[in-house]
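Please consider the following points while viewing the model.

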Amino acid sequence: MSITVEKIDTCRWRIPRSGKMRAEGLVFASEALMKVLQREEQQALEQVRNVATLPGLVGPSIAMPDIHWGYGFPIGGVAAFDLDEGVVSPGGVGYDINCGVRLLRCALAAAEVRPRLKELADALFRNVPSGVGSHRRDLKLSVQAERQVLKKGARWAVEQGFGAEEDLRHIEEGGAIPGAEPEFVSDRALERGRTQLGTLGSGNHFLEVQQVEEIHDEEAARALGLFQGQLTVTIHTGSRGLGHQVCDDYLRVMLQASRKYGIELPDRQLCCAPLRSPEATQYMGAMACAANFAFANRQLITSWVRESFEQVLGLGPSDLRLSVIYDVCHNIAKWETHTFQGKERRLCVHRKGATRAFPPGHPETPEAYRHVGQPVLIPGDMGRYSYVLVGTSGAFEETFGSTCHGAGRILSRHAAKRQARGRNIEAELAAQGILIRAAGRATVAEEISEAYKDVMEVVGVVQQAGIGKIVARLRPMAVIKG
Amino acid sequence: MGRYRILEHTADMGIEATGETLEELLIQAARGLMAIISGAEALPREERSVEITAGESGELLVNWLNEILFLFDSGGFFPAEFIIEEATENRIKALVGGELFDPERHPVDREIKAATYHQLKIERGEEGWKARVYLDL
């Protein structure tokens, strides 16, 4: 089935209302990206349409340039729902609740660390658990402590000595989403979480040592403490098994709820409940717990990154100054206030594979960045680059303060492996100055650069559309994968 | 005899399973799930008993696969053999045999987050049961 799209301008496309759609679809893409979408991602476009059938949607069903086929909701989708008429859907957040990205800056230049890079990669691979079943033996979590993690998020980790108070100021929501209710989290979810706090996981999750390759916006870079040639570290992970279980648990609840409230679904994975229903309250309480677990997870990993640098370089915290630039969620549903058609509205904004991108001056943008906008972290693939952006007023006006989240796959794992066959990917990357350490056997071949869209194209569209502003490009030096 | 086939999409994978009976279909789908995670062989040295209920057969299949993922993800257990003691469209009673998970002996290729309801299909035809389920990786 072919989906009708109408070109609005060089980076915007409209999916007109048809069938049961209550609103239109808005897709951000260049001509080239739209061609690929129409050729290979018809299903993703259909999903944009399906989201537009849900009750209480405010504005269009939005898709970012990195959109691809997801479950129910497309990955790269943004949907805002009205408090009274709208719904919340676990499928609109995804299994990896608060999958997100954290960026650390270092006082050192990449060149100063390069001679010790191999030892550093080994230390990070050793100190930060990755892959199935791996966890820190020195982190034991009681049931009570786990409940505290779910309530307090990153703050819990700081209270246990993992990091400092100032880290919390540079995390979305201060590292803890309000409204977390551990009693709405199942025992099974708690059980999965207990051994997985402080672990990276696998697949596209990673830990990367990088260098600032190019500064695009001097003023914003200065505000973020970034300089050319600087060493940075990116952590990309989420809420691990706890989040997956919360999502699965509540999909079951929402399948029932959709029947109960008579919500017609084009796809079961879109199952949802009215925002004012008890089912929605329970999911939002459990989802906040999983989100906070993810914030704590990235906080713990940050601490072990610092530990690894100190071990290998023999420097103290004040020499390294590995500080948090920012930490953003890209799988989340949040209560936010937005002005829509001239009226202030309380909305539940779903971002699934999309990042919050609040503009300069917004009270939730940390003080240090308030004059330039909220930092937005866009990981690319392991062989090319990642981007740092800041939020814009354009995003606030057009996309409920949201922008893209990454590159998105273009090759299936099988196709990637076929392309990698007979090649020594580790050696190829090493020749480009990139070291890789991976726990999973298939990871390196399945995660080759060619398997992903060029993230430069994605952020290019976002910048052109005015829903994000490029600040800097980061190039990988050492990649730790699950 | 039933069988399974691994489906591939750009970002994720799925399983297509068949079986003359519902029991066979469930066993094949479970084998497909474990084949995506790891190519390792394991023996049924230990058993876990599993009981699942659902409103209908599609949800039953998803719950069954997620139960196996839960055993693997939470309990350090590597499922290898599936014995269905009882299966209706609303209920499964089964024994899952396997070994304690040892990353050395059970090298993991990739992790699966969950079996999903997305484009879920399960049907009973003249030749038996057929199902398709997509997984989030």
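1. A:Q341 sits in the loop of chain A between β12 (331-340) and β13 (343-352); helices (H or I, at least four residues) and strands (E, at least two) are DSSP runs, numbered from the N terminus. The residue A:Q341 is not a glycine, yet its phi is positive, at about 50°. A:Q341 counts as exposed because it has 7 C-beta neighbours inside 10 Å. By definition, a residue is buried with 20 or more other C-beta atoms within 10 Å of its own, exposed with 12 or fewer, and partly exposed in between, the C-beta atoms being placed from the backbone.

2. This is a predicted model, in which local features need pLDDT of at least 70 and side-chain atom pairs count only at pLDDT 80 or more, while totals for chains, interfaces and linings use all residues. Residues are numbered from 1 along each chain as its sequence is written, and chains are lettered from A and ligands numbered from 1 in the order in which they are written.

3. In chain B, the loop between β6 (114-115) and β7 (121-125) holds B:Q119. Its phi is also positive, near 50°, in a residue other than glycine. B:Q119 is partly exposed, because 15 other C-beta atoms lie within 10 Å.

4. The contact involves 34 residues of chain A and 28 residues of chain B; two residues are in contact if their C-beta atoms, placed from the backbone, lie within 7 Å. On the side of chain B that touches chain A, the elements giving two or more residues are α2 (57-75) and β8 (128-136) of chain B. The largest share, 5 residues, belongs to α2(B).
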